[in-house]
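Subject: Structure handover

Hi,

Here is the structure I promised to pass on to you. Please open it alongside this email, and my notes follow below.

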Amino acid sequence: MGKASAPGKIILSGEHSVVYGYPALVSAVSLRCFAYASSLPEPGIEIISKDLEVRQIYSPTEVYQLKDLPLNSKTDNLAFSALKTLEKIGINPLKQGISISLESEIPISAGLGSSAASAVSVVGAILSLFKKSLSSNEISSLAFEGEILAHGTPSGVDNAAATYGGYLRYENGNVSKLDIANEVPVLVCNTMVPRETKALVANVRKRYDSSPNIIGQILKALGQIPNAMIDSIAKQDFIALGNLMEINQGLLDSIGVGHHAIHKVISIAKEFGALGSKLTGAGGGGCVIILPSDEDSENEIHRALKEQGFDSFRTRFSQEGVRIE
Ligand code: PMV
C-alpha cells in the first residue's frame, strides 16, 4: 500500500490577480488530505473519495479521453493526475491498474485548496506504492495537469502550496518558499456557501473583457498587496496587515467575487475587534480569514460567529508540504 498526504492552504493575498500574472502570498495549513494507493489485478484507475461520496473506476482509455470532455465527476482530475504519474514513472496504465482512496480534513469547495491537496496526495501515494521518487516540481506539475481539467485556467498556486508547504510567494508559475517562521494567527470561517472557482474566474474575466481599463487597474492594485503583506508579516506589524486585508477585500468586492455571507462574517468580526478580514480563495462564498486583535477578540469573534450560525476555527500554519510515506 502506498500512502501520502498534502496540506490545504489559505491565500493571504493575490487570489484572482494571480491569474493575470501578479504575485500571490499563500500559506499551507495544518489540515491535510490523505491518499492510499494499491495495485489492481486489471488495468484501470479507481478513485474512492469518502468526502465526495464517490467511488469511480475508469478504464485507461476513458482517462486518456478526459482532456477532451467536460468534467463529469469531481474525481476526473484525480484520475488524470494518477494516469500522468504512472506514465511519468514508466508504468504502463494499459497494463497496470491502481486503486486510490482519499480521506480529507480539508472542507470541500471552500477555497482551502482541497482539490489540489487531493491531487498532490494522489501523486505522492502512487510514488509511495511503486517506491519511486520525483522532484517537488514534478509532483506539483503532475497535480497541476489534473487541476487544469477541474478549474480551466488555474494559476497553479494551490498545487504549489500542497507540495511545498510553508509560506509561498507565487508569480507566473515561479514559486519561492519564503523564509518566514512567524505564524499569522488567523481564524478561518467557512460561510458554508459553496462556490465554483472555475465560474468565478470566468466571471472576473468577463468583467475584465468588458472594462479592461478599470478592472485592469484594480487587478494591478490587488497585485501590490502580497509584497506589502510579506513585509508586514516579517515585521509582525499586524495593524498594517489588517489594513491590507481590508483593502484587499474591498478590491475583491469590486471585481464581483464578494457575497453577502462573506460581508456578514466580516462585519461580525469587525464588531468584535478584528484588525482585518477578507475572503480567501475564489470568493463568492467559501471561507473568510480573520485577524483578531488579541486572544480575547479571537474568543469573542468565534462566539459571535457561532451565535449567527457560522463556525470558525484557528488553523495552524504548516511548514510541511507533501509527505510520502
Ligand atoms: O478558491 P480556490 O482555493 O480554488 O482558489 C482560487 C484562487 C484563484 O486565484 C481565484 C484561482 C487560481 O487559480 O489561482
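Let me begin with helix α6 (residues 197–210) and α7, whose axes come within 5 Å and cross at roughly 125°. That angle makes α6 oblique to α7, a word used here for whatever is left once angles under 35 degrees are called roughly parallel, over 145 roughly antiparallel and 65 to 115 roughly perpendicular. The axes are lines fitted to C-alpha atoms, for helices over the stretch in contact, and the angles run from 0 to 180 degrees between N-to-C directions. On the α6 side, Arg207, Tyr208, Asp209 and Ser210 meet Pro212, Ile215, Gly216 and Leu219 of α7, where contact means heavy atoms within 4.5 Å. The residues of this contact divide into four nonpolar, two polar and two charged. For those classes, Ala, Val, Leu, Ile, Met, Phe, Trp, Tyr, Cys and Pro count as nonpolar, Asp, Glu, Lys and Arg as charged, and the others, Gly among them, as polar.

A word on the basis of all this. The model is predicted, so local features need pLDDT of at least 70 and side-chain atom pairs count only at pLDDT 80 or more, while totals for chains, interfaces and linings use all residues. Residues are numbered from 1 along each chain as its sequence is written, and side-chain values use heavy atoms, with hydrogens and water left out. Helices (H or I, at least four residues) and strands (E, at least two) are DSSP runs, numbered from the N terminus.

Next, the other side of the α7 story. The axes of helix α7 (residues 212–234) and helix α8 (residues 238–254) come within 10 Å and cross at roughly 160°, and the two helices are therefore roughly antiparallel to each other. Their crossing is left-handed, meaning that the near helix is turned anticlockwise from the far one by less than a right angle (clockwise would be right-handed). From α7, the contact includes Ile215, Ile218, Leu222 and Ile225, and from α8, Leu241, Leu244, Met245 and Leu251 are among the residues involved. By class, this contact has 15 nonpolar, three polar and no charged residues. Ile215 is also one of the α7 residues that α6 meets.

Helix α2 (residues 76–88) and helix α4 (residues 136–151) give another pair, packed at an angle of about 145° with their axes 8 Å apart. This crossing is right-handed. Among the residues that meet are Asp76, Lys84 and Lys88 in α2 and Glu138, Glu145 and Glu147 in α4. The contact of α2 with α4 has five nonpolar, four polar and six charged residues.

Now to the strands. Which strand is largely enclosed by the rest of the structure? It is strand β5 (residues 97–104), because six of its eight residues are buried, that is, under 20% relative accessible area, with exposed being over 50% and partly exposed in between (1.4 Å probe, protein chains only). Strand β2 (residues 24–40) runs antiparallel to β5 and is joined to β5 by eight bridges, while strand β3 (residues 45–49) pairs with β5 in the parallel sense over five bridges. Two strands count as paired if DSSP finds at least two bridges between them. Ile100 of β5 stands opposite Ala37 and is also the bridge partner of Ile47.

There is also an open sheet of four strands, in the order β9-β10-β8-β11, with antiparallel pairing. Its edge strands, β9 (274–280) and β11 (311–314), each pair on one side only, and the twist averages 25° from one strand to the next. Six bridges join β9 to strand β10 (residues 287–292), and Thr280 stands opposite Cys287 in β10. Helix α8 lies across β9 and β10, running at about 40° to β9.

Finally, three loop residues to look at. His16, between β1 (2–13) and β2, has a positive phi of about 70° although it is not a glycine, and His16 counts as buried at 5% relative accessibility. Met192, in the loop between β8 (187–190) and α6, has a positive phi as well, near 65°, but Met192 is exposed, with a relative accessible area of 63%. Lys74 lies in the loop between α1 (60–65) and α2 and is exposed at 52%. Leaving aside residues up to four places away in sequence, Lys74 touches Leu52 and Ser109.

Best wishes
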